[in-house]
Amino acid sequence: MNPPDQAIELLDRLVSFPTVSRDGNLRLIDFVRERLRAVGVSATLVPSPGGDKAALFATVGPARDNGIVLSAHTDVVPVDGQPWTSDPFRLTERGGRLIGRGALDMKAYLACILAIVPEAARGRLSRPLHLAFSYDEEIGCQGIRPLLGAMAAAGIRASGCVVGEPTGMRIVRGHKGKLAGSIVCTGKAAHSALPHLGLNAIHLGADMVGALRRIQADIEAQGARDDAYAVPFTTVHVGTIHGGTALNVIPERCAISFEIRHLADDDPHAVLDRIREAAGRLGAAARKSCEGADIAVAIDNAYPGLETPPGAEIVRLAQAAGGIDAGEKVTFGTEAGVFQEALGIPSIVCGPGDMVRAHKADEYVTREELGACEAFLRRLVGELAA
């Protein structure tokens, strides 16, 4: 079977597992573990707290500290409401496009890893190849931390990590981090004909949104900048607002979701402190007219940004394997920053395809892209045998 034929066959199997984050990934993880076991590679599972998901890590080659990690997440985003032209969980080829949910993000990379593992297992690696496959990346990189904790407990160290999110096989050394949070505004219910007897929580929420917009404007005007990014500054964004029960009822609750997407060197907690200061000031003003009024700010999840020096060994290895190093940075987040923060492993992002196709109907990767990724990984593993 010629490349990328085997990778396509593996991608077909991987896409057939509907690993939407809300539904679990155990069937896919079992498939991966059996593929590794068949070539003599033992894998360790890291179950989720609920037991409906699992991460996996494994090592090919000698037990040394100078290996590299190939990392992929196994979950995908939902297909609900999207106008797919074919079954999203059956790989369909049209015009050289391999279409399916997760075909691009990021089961193509996972398929290429599985395609090259037998060769790596048969070879005489002088440095180890570590595999790390996570869950719940699509809902805020939540599954990677237990996986990295288990890898640290097992004594695994490495010289670098390649996270295979879609970059067109370009070496990405930097991306923004994210802090996601919620703001709950509490007012007092009353009949809308008697508004003086209540406090409108949605109005409090509108005041908070105004405060967030002012913080954003100040960051854009005076904050740190990095022109390697398409958006060269830290951003503050409101995603959802929920409040009220009926038009003739003064709402007593309004919930706002927000996120901070920050430059790797920016401290998101400094921005969060400004948000909390605004919440405290507005809440105190509201309590002057309504006892019990409140604005509470909470963090829902967060992951760090990525900033890997151009001289890092993993960059050199990726360049030698054919990765394109244009000094690019991306605004979307990945698990690479978590590897670097949690385990101190210099990390890059480099994988097949273009992220603009992700999370959409008829998501796809091409045969050529799959073949280029498989060739890159073969050369990268070849560096471990040198």
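## A tour from cysteines to pockets

A disulfide here means a pair of cysteine sulfur atoms within 2.5 Å. Such a link is a covalent bond between the sulfur atoms of two cysteines.

Before moving on, note that this is a predicted model, where local features need pLDDT of at least 70, side-chain atom pairs count only at pLDDT 80 or more, and totals for chains, interfaces and linings use all residues. Residues are numbered from 1 along each chain as its sequence is written, and side-chain values use heavy atoms, with hydrogens and water left out.

Is Cys141 buried or exposed? Cys141 is buried, at 3% relative accessible area. Buried means under 20% relative accessible area, exposed over 50%, and partly exposed in between, with a 1.4 Å probe and protein chains only. Now pick Cys185. Its sulfur sits 5.3 Å from the closest cysteine sulfur, in Cys254, again too far for a bond. Cys185 is buried too, with 0% relative accessibility. The structure holds zero disulfides.

**Zoom out.** Switch to cartoon view. The protein has nine helices and 18 strands; these are DSSP runs, helices being H or I of at least four residues and strands E of at least two, numbered from the N terminus. The radius of gyration is 23 Å, close to the 21 Å from the globule rule for 386 residues, so the protein is as compact as a globular protein of that length. That radius is taken over C-alpha atoms, and the rule is 2.2 Å times the number of residues to the power 0.38. Along its principal axes, the C-alpha trace spans about 80 × 45 × 40 Å. Of the 386 residues, 53% count as buried.

**Open the largest pocket.** Select Glu137, Glu138, Arg261, Tyr303 and His359. Of the 15 residues lining the largest pocket, these are the closest to its centre. The space there is about 310 Å³. A pocket is an open set of points on a 1 Å grid over the protein atoms alone, with protein on both sides within 12 Å along at least five of seven lines; lining residues have an atom within 4 Å of a point.

**Finish at the cavity.** A cavity is a set of grid points where a 1.4 Å probe fits but cannot get out. How many cavities of 30 Å³ or more are found? The whole structure has one. Select its lining, including Thr19, Lys53, Asp75 and Tyr135. The largest cavity holds about 30 Å³ of space. Volumes are the space filled by probe spheres set on the points, which are joined across faces, edges and corners.
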